[in-house]
Amino acid sequence: MKLTIVGSGYVGLVTGACLADTGNTVLGYDISAEKVAVLNRGESPIFEPGLTELIQANMRAGRLRFTTDCPAAMRHGEVIFIAVGTPPREDGSPDLTAMHAVADDIADHINGPKIVVIKSTVPVGTGDDLEQRINRRSKHRVAVVNNPEFLKEGTAVDDFQRPDRVVIGAEDPVAGATVRELHEPFVRNQRPILLMRRKAAEMTKYAANCCLAARISFINQIANICDALEIDVNEVRTGIGWDARIGFQFLYPGAGYGGSCFPKDVQALVHVAERAGVKADLLQAVHEVNQRQREVLFHKIAARFGPDLSERAFGIWGVSFKPKTDDIREAPAVVLIEKLLDAGAKVSAHDPVALGNLRKRFGDRVACCPQAYEALSGADALVIVTEWNEFRSPDFDEIARRLRQPLIFDGRNLYALDRMAARGFEYHSIGRPVVRATRG
Ligand SMILES: NC(=O)c1ccc[n+]([C@@H]2O[C@H](COP(=O)([O-])OP(=O)(O)OC[C@H]3O[C@@H](n4cnc5c(N)ncnc54)[C@H](O)[C@@H]3O)[C@@H](O)[C@H]2O)c1
């Protein structure tokens, strides 16, 4: 099938590359000429495991191209996927400016009837609005389908190719069946394709993200209570996680959730609920707990050193909002770095892939260190914010040698308490008692 993907970001690129890989002829369109130029050189503008190889293989096979030519893009696809951003406005409601711009581009340039698939996360009712908006303006008719994307950055290609389920919200049965057919190659393991009403699909995406965010805020709140009561939250986590009704997923206490989805989607659903006259106090609390949690590392540091950090330096490991991505949008590390800089501290940071984005965000206010241990030289403490694999078994002697004192603040609970004591570290983590060294 001929497909157009509008928006070549995390979702658009993965969608386009995976659908090209099953034999479709895909044209990726983006307004960013810089992004399209990078893509047409066979490079990926984002870090996502397996994506570059998939893009290159399908470009070589002639099934995947990228363009900034809007009319050509709108003519190319029988099906047009929209994967542009829907960032939050000040009041938490999603900004649909890009969606509306794309809808008008579709209306102005299509050369026949089309199926328009919304991949972006959009508020309930957007499918209805967009369909009316395009059909009012265009002489060709479109059917709008909602097909929410559940991929996780860091494992996005694998998630797309092996989904737990595919959700398709369609009012037009032919359009729904076409989108179903496109996804069938990815569910040969019998995972379900769930066809439902368009608004139910829109709501499903928000409900899924809010549920996961709620689990994270829940365990973070339990961790903070454990902290105050000197209980190890890890023991509690295993105690509840083995309950088959609860499980372990998304129950890891930490420095709060970030990224471009959970924070904005929780706020968006609060906004949608309020507009519908429904009190969304649980979701509001999920958001507020997370806002506080993203400051928890800073408060631990300030409690240890006092509020004036002008004589202090900190080495940060991990700045992306989670491992295996270079995405720093809403990342807890960004919140921490802002607060440390405001308090006068010097900050050096290492991340395996996100330093480019960190540099764009902070310029030379933060020393970006391509080598992990380099970030620690002369620092008062190591602060771990993102649980990249390579931080799990580091050279502790080297850490101790580089730091002014053997002191770690760990926002992801990577290390066993008793081992850190034996290694001679003072070790602060989340929801676990503070460790003081048992060897000199
Ligand atoms: N990133 C994720 O993990 C993820 C997962 C599931 C759903 N989503 C949702 O998918 C949507 C896209 O997210 P993303 O992270 O891929 O965003 P992104 O910011 O990485 O990519 C969006 C792309 O759209 C392009 N764009 C903006 N306006 C355009 C226009 N008028 N015409 C053509 N291109 C335009 C931008 O240049 C950019 O390349 C959002 O609604 C998001 O909530 C994201």
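The ligand sits among 26 residues, and the closest are Gly7, Gly9, Val11, Ala98 and Ser120; a residue counts as near if its C-beta atom, placed from the backbone, lies within 6 Å of the molecule. Keep in mind that this is a predicted model: local features need pLDDT of at least 70, side-chain atom pairs count only at pLDDT 80 or more, and totals for chains, interfaces and linings use all residues. Residue numbers start from 1 along each chain as its sequence is written.

**Ligand shell**
- Helices α1 (10-21) and α5 (97-109) each put at least two residues into the shell; helices here are DSSP runs (H or I, at least four residues) and strands are runs of E (at least two), numbered from the N terminus.
- By type, the shell splits into 12 nonpolar, 10 polar and four charged residues, with Ala, Val, Leu, Ile, Met, Phe, Trp, Tyr, Cys and Pro taken as nonpolar, Asp, Glu, Lys and Arg as charged, and the others, Gly among them, as polar.

**The six-stranded sheet**
- Six strands form an open sheet with parallel pairing, in the order β11-β10-β9-β12-β13-β14; strands pair if DSSP finds at least two bridges between them.
- β11 (367-368) and β14 (426-428) are at the edges with a single partner strand each, so one side of each has no neighbour in the sheet.
- β9 (residues 313-317) and β10 (residues 346-350) run parallel over five bridges, and Gly315 has Ser348 in β10 as its bridge partner.

**Around Lys339**
- Lys339 belongs to helix α14 (residues 332-342).
- Beyond neighbours within four places in sequence, Lys339 contacts Glu295 and Phe298 (C-beta atoms, placed from the backbone, within 7 Å).
- Lys339 and Phe298 are 41 residues apart along the chain, with 7.0 Å between their C-alpha atoms.

Key
Contact = placed C-beta atoms within 7 Å.
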